[in-house]
Amino acid sequence: MADDQRLWGYPEVAAHLDISVGATPSRKSRGSLPSPDDDSVPDRPRWKPSTFQNWRPVGRGFRSDLHRTTRAEDAQTN
């Protein structure tokens with residue numbers, strides 16, 4: 001990796017999201033996690049902590065429809 005960030009595995013991601021470690025691979029396989037930053041080791045994906053900085057999970061009360069990014073045409077109509 002180009003930077004010196006420590007990469008997170010399933011245990012660190014689970015702790016960050018407040019879910020069980022066993023649920024983390026399941027969420028990854030369903031596409032409910034961001035793409036790993038490092039998948040060079042089979043069955044051991046790893047993520048930079050910064051990957052989760054602006055990422056929000058769908059579900060668990062998070063209204064993704066209220067937090068969409070502003071598009072240029074939306075800004076022009078307001």
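**Close-up 1. The D38–R46 salt bridge.** In this predicted model, the side chains of D38 and R46 meet in a salt bridge, 2.4 Å from N to O. A salt bridge here is a side-chain nitrogen of Lys or Arg within 4 Å of a carboxyl oxygen of Asp or Glu. D38 is buried, at 12% relative accessibility. R46 is partly exposed, with a relative accessible area of 30%. Buried means under 20% relative accessible area, exposed over 50%, and partly exposed in between (1.4 Å probe, protein chains only). Residues are numbered from 1 along each chain as its sequence is written, and side-chain values use heavy atoms, leaving out hydrogens and water. Because the model is predicted, local features need pLDDT of at least 70 and side-chain atom pairs count only at pLDDT 80 or more, while totals for chains, interfaces and linings use all residues.

**Close-up 2. The R6–E12 salt bridge.** The search of the whole structure finds two salt bridges. One of them joins the side chains of R6 and E12, at 3.1 Å from N to O. R6 is exposed, with a relative accessible area of 56%. E12 counts as partly exposed, at 25%. Side chains of opposite charge can pair when their charged atoms come close.

**Close-up 3. Aromatic pairs around F52.** Four aromatic pairs turn up in a search of the whole structure. Among them is W8 with F52, a stacked pair with 5.8 Å between centres and 25° between planes. W8 lies in the segment before helix 1, and F52 in the loop between helix 2 (23–29) and helix 3, so the pair ties together parts that are 44 residues apart in sequence. F52 and W55 have ring centres 5.4 Å apart and planes at 90°, so this pair is edge-to-face. Rings of Phe, Tyr and Trp (its six-membered ring) pair if their centres lie within 6.5 Å; planes under 30 degrees apart count as stacked, over 60 as edge-to-face and the rest as tilted. One aromatic cluster takes in W8, Y10, W47, F52 and W55.

Close-up 4. F52 is buried, with a relative accessible area of 3%. W8 is buried too. Leaving aside neighbours within four places in sequence, F52 contacts W8, V13, H16, L33, P34 and W47. Contact means heavy atoms within 4.5 Å. The largest nonpolar core has 10 residues, including W8, L33, W47 and F52. Such a core is a set of buried Ala, Val, Leu, Ile, Met, Phe, Trp, Tyr and Cys residues joined through side-chain atoms within 4.5 Å.

**Close-up 5. Two loop residues with positive phi.** D18 has a positive phi of about 60°, although it is not a glycine. D18 sits in the loop between helix 1 and helix 2. D18 counts as exposed, at 62% relative accessibility. For D43, phi is near 65°, again positive in a residue other than glycine. D43 is placed in the loop between helix 2 and helix 3. At 74% relative accessibility, D43 is exposed.

Close-up 6. The protein has three helices and zero strands. Helices (H or I, at least four residues) and strands (E, at least two) are DSSP runs, numbered from the N terminus. Mean pLDDT, the predictor's confidence in each residue from 0 to 100, is highest in helix 1 (residues 10–17), at 94, and lowest in helix 3 (residues 72–77), at 52. Across the protein the average is 79, and 67% of the residues score at least 70. Where pLDDT is low, the predicted coordinates should not be read in detail.
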